[in-house]
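Welcome! Please take a look at it first, and then read on.

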Amino acid sequence: MAEERNRYQRRKIFLTVMHVLFLVVTAAGISAMYLNSDYGKGISWVYDEVYEDSPQFSTRLEQDIEKIFSYVGYRDVFETDGKLDMERTIVGISDGPGLSEELTLDQLVRYAKTRGYYLDENFTVQGVPTSMDDDDDEITVDWQSYNPNFMDRELEENRMTREDLALDVLDHLGDYYSIYYNYIENKTNMHFRIAYHSDDGKDQIYTNAPEMSVEEMKASGRYLYIPGNTIRMESNLADVPVNVAPYLEMWNPFGNNKYYLIVSVDTSYPNDDTYSRQAAQYNSARDNFIVGMAGVVVGMVGCLATILLLMMMSGHTFAGSEDIRLYPSDETFTEVGLAMWVICVFACLYLGKLVGNRLISLFFKEDQWGYWIKLMRILVIYAGSMICFFGMIRRYKARTLWSNSLTKRVIDHTQDYRNRAAFAFGMGIGFAMVLFLNCMMIWSMFSMFLIEEKTIKQKIIFYAIAVFFALFNLLIFHLMFSKALQMDQLDGAIRSISQGNTSLQMNLERLNGKERIMGEHINNISIGLDAALQEKVKSERLKADLITNVSHDIKTPLTSIINYVDLLKREHIQDPKIQGYLEVLEQKSQRLKTLTEDLVEASKASSGNLKLEIADIDLVELVQQTGGEFAEKFERRHLEVVSHLPKEPLLIRADGRRMWRILENLYNNAFKYAMERSRIYVDVFQQNGRAVFTIKNVSESPLNISPDELTERFVRGDVSRTTEGSGLGLSIAKSLTQLQGGEFEIVIDGDLFKAVVSFPVKWTTIEDCLDKLDELDEPGTELETADEIHKDEMIETEDSGGTIPKSGTDNWTQ
């Protein structure tokens, strides 16, 4: 176990180090992209844009064109016959009335030298000025042949010192040297030509590539060609400078349209100049951006992978131990752990502000301080979040994230109060809270809506409240809908149990609160009902088995008794007393045999353990036969049978032997319990598609018993038990009727006893079927049997032109 723990620690340390490395790669990639000179363009410039289409190129070319026109002006001021002329007079000054003076370029340069000024290698004025007697003496500049902006040669009078005048001239001379050195004397990738032609054939041309033609310049790369005789210009530049045409017209010495300008940049960059260096920097920035993107992708994928692996390892259990290793910080309440994380993060951010900002200012440029400070804060928050996140993962795997929280403690302490509270009280409190919050949000939105000029922050707050208002009400609707679904689930469970499904067990996962408690109660009720029902079924089964077994065991000795009684009677015993004894033995043994058979029959009928032989039976004929069988018995008690039987047959589908037993039991019941010298009414008729048999008689004894009790086993209407009934006849008749798909009903009205047995009619002809269908179409007529629902399943027959059912045609007679 120790070796496994050490291996686990090494893997965890390795994954942590790799995560830190991937995090550094991600930060480096983001920095390479963010600090890139082309940051803000997105990533499209990497594959869509080249240096020649970039803003850097356009800005550089525009600045160079301005310098070209500066050279045009400087050449006329400082050069004579194409060479720098130091003896050229460039300024006129005066120092009082009659004290005018013209100064040459050489005089002003030598004066600047005496004051300690010079031009460095970049042609910028440098030096430490020395003190002279005329430091504070001002002179008046009457005129100057140069103009810094080259826009107006007629300057107003200006007073300045000689030093200021010398420095002004030296600045312009430095500009001239810089332009001449970079664009005329040395090789450059930018070529230009400005040509003016007079009407009398004079030319004035400014160029740094006299050997190149206009077409060669166009073919070298990017170019701009502006002719003077048209408003249209030719160019393949992404952005054309807007100040070129005004400059051309301004410096036109001949006042006509015979001029042109051609500026081109050789995009193969054969020479080392600003363009070639910027192109190299641009491509390097592109490469750095691509490397930065790759670093971000690799770093983020690596960070995600290591986080997932660390999540899988967090809360690892070792062999022989099921406990997840938790650190002391994980033993605190969940909310306390989150609060500790917030405090630690803010403390680290404050420490970073005190120390980190100063370190950043030492190592990075000022324009990058904001980025590095932001990155430092993000890394601090990220590190703290990862520590908190893995702490929560360990708590979750140890199942303490919720169980060891203050929120759960509060909920548990209030659970008893909430469970004891009535539904109406809980709903009222909830509605009051929802109403209060809605009123507060509506009031806040209305107050902010009344503000005429809203700031961005106020607008954001307004929309945030509106969104929260909508989400809050959607949440309330969801909770109400969930409660409704739970109530529907409870209602469905109660309805299912009421319909006889006592084995139902509700799924309590989707229930909560009082609904869950109700669900538990319903499950307990279902379990109790099911257990009671199973016990009752078991008791009934044991009773049926007992009756069957006892009846079977009684049957064997009873048969022997009957046989021996029969043998004794065959001996022709003459003693009347003994013959009387034998008669009593025979009667009682036959009654016991009948009772035993009834017991077995009742047991089989109630349990459904009978094999039925269903056939077509004429109920009218069967009733007539039964009446004939019992005519002699009824005469012994002076009972008159009044029968109303239809003349035509009335077919039903039933077991003939069982139907005979049903009618026999009903006739026997009438014979035994009908009032002597009374009438017994027997009716057979057809009603609503059913063949109905009824038998009615007036009971000799008072019928102070319900109809349902009469059909129970061993129950007799004659409570004095003076008759020979077993109390099983009606029970057997009812069970046999229901077993064959019929209906059995007993009606008692005072001493009037009525038994009703009905079976679905089996139609015999097409005409009967059609008549029956017409009868069923009448208002108030209901389809009561399975045989009557074939109305929608009729098919045409060729012989009779009538209809028969599509299925079950073997039950029809043509």
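Among contacts in the protein chain with a separation of 6 or more, 67% link residues 24 or more positions apart. Please keep in mind that this is a predicted model. The topics below start with the whole chain and then visit some of its parts.

**The chain as a whole**
- The protein chain has 20 helices and 22 strands.
- It holds 814 residues, of which 36% count as buried.

- You will find Leu 35 in the loop between helix H1 (2–34) and helix H2 (44–48).
- Leu 35 has 31% relative accessibility, so it counts as partly exposed, as the range for that class lies between 20% and 50%.
- Setting aside neighbours within four places in sequence, Leu 35 is in contact with Gln 368, Tyr 371 and Trp 372.
- Gln 368 is 333 residues away from Leu 35 along the chain, yet the C-alpha atoms of the two are separated by 7.7 Å.

**Strand E9 and its two partners**
- Strand E9 covers residues 190–197, and seven of its eight residues are buried.
- One partner of E9 is strand E13 (residues 259–266); the two pair in the antiparallel sense over seven bridges.
- Within that pairing, Ile 194 has Leu 261 in E13 as its bridge partner.
- Another partner is strand E10 (residues 203–207), which runs antiparallel to E9 and is joined to it by five bridges.
- Here His 197 stands opposite Asp 203 in E10.
- E9 and E10 form a hairpin with five residues between them. In its turn, Gly 201 has a positive phi of about 95 degrees.
- As background, strands of a sheet pair through backbone hydrogen bonds, either parallel or antiparallel.

**Helix H13**
- How far apart are the end C-alpha atoms of helix H13 (residues 456–498)? They are 63 Å apart, which agrees with the 63 Å that its 43 residues should span at 1.5 Å a residue.
- Several residues of H13 are buried, including Phe 462, Ile 465, Phe 472 and Ile 476. Further along the helix, Gln 486, Leu 490 and Ile 497 are among the buried residues too.
- Just after H13 comes Gly 500, which takes a positive phi of about 110 degrees.

- Five strands make an open sheet in the order E15-E17-E18-E20-E19, with mixed pairing.
- Strand E15 (640–644) and strand E19 (743–749) are the edge strands, each pairing on one side only.
- From one strand to the next, the twist averages 15 degrees.
- Strand E18 (residues 690–698) and strand E20 (residues 752–760) run antiparallel and are joined by nine bridges.
- In this pair, Arg 690 has Pro 760 in E20 as its bridge partner.
- Helix H16 (residues 619–636) packs on the sheet, where it touches E15, strand E17 (679–687) and E18. The direction of H16 makes about 175 degrees with that of E17.
- Helix H17 (residues 656–673) lies across E17, E18, E19 and E20. Its direction runs at about 20 degrees to E18.

Conventions:
Residues numbered from 1 in each chain as written. Predicted model: local features only at pLDDT ≥ 70, side-chain atom pairs only at ≥ 80, totals over all residues. Heavy atoms only, no water. Buried < 20%, exposed > 50% of the residue type's maximum accessible area, 1.4 Å probe, protein only. Helix = DSSP H or I, 4+ residues; strand = E, 2+ residues; numbered from the N terminus. Pairing = 2+ DSSP bridges. Axes fitted to C-alpha atoms, helices over the stretch in contact; angles between N-to-C directions. Contact = heavy atoms within 4.5 Å. Expected span 1.5 Å × (residues − 1).
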